[in-house]
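Open your viewer and get ready to click along. We will go from stop to stop, selecting a few residues each time.

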Amino acid sequence: MRCRFLIVLAVTACGGGGAPASPEARAVVEFVGAYPDEAKPTGVVREFAIVAEPTELALLDGKPLRVWAYNGQVPGPTLRVKLGETLRVTFTNKLPQESTIHWHGVRVPNGMDGVPGITQPAVQPGESFVYEFTPKDAGTFWFHPHVRASEQVERGLYGVLIVEDASPLPYSREVVWVLDDWSIDPSGQIAGQFNTRHDLMHDGRWGNALTINGKTSTELRVQPGERMRLRMLSSANGRVFVPDFGELDAKVVAVDGMYLREPMAARGFELAPGNRLDVELAFDRSVAAPLEVWDRFYAQRPNRLATIVVDGPLVETPRFEVPKARVPVWAEGLEVPATHDFRLNSRGGGPYGIAWTIDGVAMSADHAHHEMHPSLSLAKGAFARLTFTNESARIHPIHTHGMFFRLLARNVVRVDEPFFRDTVLVHAREQIDVGVVPTDAGTWMMHCHILEHAEAGMMTTIRVR
Ligand code: C2O
Ligand code: CU
């Protein structure tokens with residue numbers, strides 16, 4: 001009811017002049033046109049088959065690694081469609097345990113979201129499930145299982161979904177980097193203990209092998225003059241990356257799939273598990289020494305991620321404008337009373353001896369009793385301010401399914417990030433505020449994307465109606 005009332009107010013305000021009555025209503029007006037309410041299917045259907053199966057691949061430094069893979073590769077296939085095209089993905093589970101596919105960041109119909117027990121039954125070994133949806137937004141997305149994810153994602157199950165703009169930007173090159181972090185045991189295989197007490201007490205499973213697209217050493221060769229789009233995402237269970245491009249001309253053009261109000265310098269962005277970062281790199285001349293890309297999440301202990309070699313004849317630099325998204329400032333967002341304050345914490349007990357909680361409750365990983373679990377209700381089309389209070393000393397990249405939000409404040413200090421997100425890192429003891437106008441009805445998961453924390457309970461649901 002409240003939602004309808006706000007929409008009526010907003011519409012009246014748009015059409016009839018005169019400021020709407022409340023900050024909530026003004027926030028809704030400001031949101032109009034940020035991204036579409038509905039998909040606009042062109043009628044083109046792209047069919048894909050995805051099979052999840054154990055296999056052995058030459059990964060990391062090239063030695064055979066026993067993994068679980070989508071279509072026999074890690075990362076899995078990159079699915080590419082154009083905005084308006086419909087995906088029809090037949091998923092077949094040949095794993096020794098049940099699974100699903102979740103389309104991270106994609107606003108899908110609720111029944112296609114891949115959450116067992118909530119949006120669909122888990123896909124049993126030997127069974128198939130057809131996912132069909134038309135993305136509403138162009139951008140960089142990814143997909144992964146939503147069952148025992150701390151094990152299944154770590155073993156190699158993830159792939160990229162690229163939804164191209166209706167008319168793709170004419171970059172001279174486009175590159176996808178899936179950043180991952182593996183825990184490899186002395187025998188050279190994926191350490192077989194998952195959800196260990198150590199990982200649960202800390203920030204999840206941080207490994208000893210950092211990879212881009214499954215390899216520990218990455219060299220990218222480009223020509224001077226190139227203007228490149230680098231689509232990055234983190235499929236790590238727990239590790240946070242802060243990519244540093246050094247002296248390179250690097251601009252962020254999209255975050256979590258979505259364009260920004262205006263591109264910004266690519267410096268200091270925390271690429272937490274689940275986040276995507278699209279960076280534009282311009283190479284205006286050849287450089288003698290290879291350029292290096294570092295992860296500087298820990299300034300004292302940086303990790304080299306890749307080298308870039310700029311060499312060869314000069315090519316013509318494509319000239320075009322990157323689209324500017326309509327991203328609300330929501331200057332009065334903090335004046336809107338918080339719809340809910342989620343408290344993030346842990347306690348002893350549960351199947352792993354330590355449980356991660358939201359508002360004191362740990363959600364069981366199979367969601368078996370989710371009906372008894374408190375769910376926040378939000379009205380479709382209405383502005384809501386959500387607060388997250390991290391009462392723990394660990395970090396939590398909080399991810400919402402089915403909706404984007406904008407960060408409003410960290411520790412009550414206003415921030416105006418010029419972009420939406422679907423995942424934000426909440427630091428130890430930090431409090432953040434986000435603003436959201438849900439556009440998609442359904443019961444959506446909200447959880448920590450440190451997969452061990454989620455497995456041990458740090459999940460809840462948001463009902464949008
Ligand atoms: Cu990428 Cu619910 O997750
Ligand atoms: Cu967490």
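The tour below starts with ground rules and then visits cores, rings, charges and a helix.

This is a predicted model, in which local features need pLDDT of at least 70 and side-chain atom pairs count only at pLDDT 80 or more, while totals for chains, interfaces and linings use all residues. Residues are numbered from 1 along each chain as its sequence is written, chains are lettered from A and ligands numbered from 1 in the order in which they are written, and side-chain values use heavy atoms, with hydrogens and water left out.

**Stop 1: the cores**

Select Trp-103, Phe-133, Leu-161, Leu-386 and Phe-388: they touch the most other members of the largest nonpolar core, which has 72 residues. A nonpolar core is a set of buried Ala, Val, Leu, Ile, Met, Phe, Trp, Tyr and Cys residues joined through side-chain atoms within 4.5 Å. Buried means under 20% relative accessible area, exposed over 50%, and partly exposed in between, with a 1.4 Å probe and protein chains only. In soluble globular proteins, nonpolar side chains tend to be buried together.

Now centre on Leu-161. Beyond its neighbours within four places in sequence, its contacts (heavy atoms within 4.5 Å) include Leu-79, Val-81, Trp-103, Phe-133 and Phe-143. Apart from this core lies another, of 32 residues, with Leu-248, Leu-260, Ala-306 and Phe-419 among them.

**Stop 2: the rings**

How many aromatic pairs does the structure hold? There are 19. Rings of Phe, Tyr and Trp (its six-membered ring) pair if their centres lie within 6.5 Å; planes under 30 degrees apart count as stacked, over 60 as edge-to-face and the rest as tilted.

Select Tyr-70 and Phe-143, a tilted pair with 5.4 Å centre to centre and 35° between the planes. Tyr-70 sits in strand 2 (residues 63–70) and Phe-143 in strand 7 (residues 139–144), 73 residues apart. Helices (H or I, at least four residues) and strands (E, at least two) are DSSP runs, numbered from the N terminus. Tyr-70 is buried, at 0% relative accessible area, and Phe-143 is buried at 0% too.

Next, select Trp-330 and Phe-383: their ring centres are 4.8 Å apart and their planes at 70°, so this pair is edge-to-face. Both residues are buried.

**Stop 3: charges over rings**

A charge sits over a ring if NZ of Lys or CZ of Arg is within 6 Å of the ring centre and within 35 degrees of the ring normal. Select Arg-227, which lies over the face of Phe-320 at 3.7 Å from the ring centre. Then find Arg-301 over the face of Tyr-298, at 4.9 Å.

**Stop 4: a helix**

Finish at helix 2 (residues 23–31), where the buried residues include Pro-23, Val-28 and Phe-31. After helix 2 comes Gly-33, with a positive phi near 90°.
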